[in-house]
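Thanks for passing this one along for a second look.

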Amino acid sequence: MKVEALDKVKRWHVIYTKSKWEKKVEGLLLKANIESWCPVQKKERQWSDRKKIIEEPLFRSYVFVKIDKEEHSKVLGTIGVVNFLYFEKKPAIIRDNEIETIRKYLGLANATIQVVNMTNLPAQTKVSINQGLFMGQKGEVIRSGKKTVFVQLQSINMMMMVEFKLAEISVV
């Protein structure tokens, strides 16, 4: 592929937003015809007088954008966008299958994901998921209990905590 053709390829990137601006930034990018996604999950919040179900961003201060090189500056010029997320001195690129896996899992009834920053956690055992939506995915176990395993998404230096039965996981 020529360099010019590579510049036109749209890839998923991660942008860092101002605090609590994730959904606003997604809306502004969509209005500007830039494909973006702020994954959210429903959570119940208790106030003194009532309970309410709210949609909370899954990744705080992160929004995914599918862009080519030409749209890079347009994204940075959007109100609320701080910068692109870099991993190993390069813009973090998320594989399409990782985006689809998160979308499918969030589409399940009662799906909950807890996101934990990976920076201070050591890598441990490499595992393969044998069943369910994550079947075929490989990751590193950061901590496990009776049925909870932390699975690292390498490309954004974050991990998702998903509950698996021990029978669903095998050591690679």
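The points below go from the overall model to the details.

1. Ground rules. This is a predicted model, with local features reported at pLDDT of at least 70 and side-chain atom pairs at pLDDT 80 or more, while totals for chains, interfaces and linings use all residues. Residues are numbered from 1 along each chain as its sequence is written, and side-chain values use heavy atoms, leaving out hydrogens and water.

2. Confidence. The average pLDDT of the protein chain is 79, and 65% of the residues score at least 70 (pLDDT is the predictor's confidence in each residue, from 0 to 100). Residues 118-123 fall below 50, although this stretch has twelve contacts in the model beyond near neighbours in sequence; contact means heavy atoms within 4.5 Å. Please keep in mind that where pLDDT is low, the predicted coordinates should not be read in detail.

3. Overall make-up. The protein chain has four helices and 15 strands; these are DSSP runs numbered from the N terminus, helices being H or I with at least four residues and strands E with at least two. Of its 172 residues, 40% are buried (buried is under 20% relative accessible area, exposed over 50%, partly exposed in between, with a 1.4 Å probe and protein chains only). Among contacts between residues at least 6 apart in sequence, 62% join residues at least 24 apart.

4. Cores. The largest nonpolar core contains 13 residues, with Val14, Trp37 and Phe64 having the most contacts inside it. A nonpolar core here is a set of buried Ala, Val, Leu, Ile, Met, Phe, Trp, Tyr and Cys residues joined through side-chain atoms within 4.5 Å. At least two residues of this core come from each of β1 (11-17), β5 and α4 (96-107), and α4 gives the most, with three. Apart from it lies another core of eleven residues, including Leu29, Cys38, Val63 and Ile67.

5. Glu26 sits in helix α2 and is buried, yet has no salt bridge. The nearest side chain of opposite charge is that of Arg103, 7.0 Å away (Lys and Arg count as positive, Asp and Glu as negative; His and the chain ends are not counted). Leaving aside residues up to four places away in sequence, Glu26 touches Ser36, Trp37 and Cys38.

6. Salt bridges. The whole structure has ten, each being a side-chain nitrogen of Lys or Arg within 4 Å of a carboxyl oxygen of Asp or Glu. Lys8 pairs with Glu70, their closest N and O atoms 2.5 Å apart; this joins helix α1 (residues 3-8) to the loop between β5 and α3 (72-76), 62 residues apart. Arg45 and Glu56 also pair, with closest N and O atoms 2.5 Å apart, linking strand β3 (residues 40-46) to strand β4. Arg45 is partly exposed at 30%, whereas Glu56 is buried at 17%. Lys43, Arg45 and Glu56 are linked in a network of salt bridges.

7. Two backbone spots. Which residues other than glycine have a positive phi? Asn33 is one of them, with phi near 60°, in the loop between α2 (22-31) and β2 (35-37). Ser61 is another, at about 65°, in the loop between β4 (51-57) and β5 (62-67). Asn33 counts as exposed because its relative accessibility is 67%, while Ser61 counts as buried at 8%.
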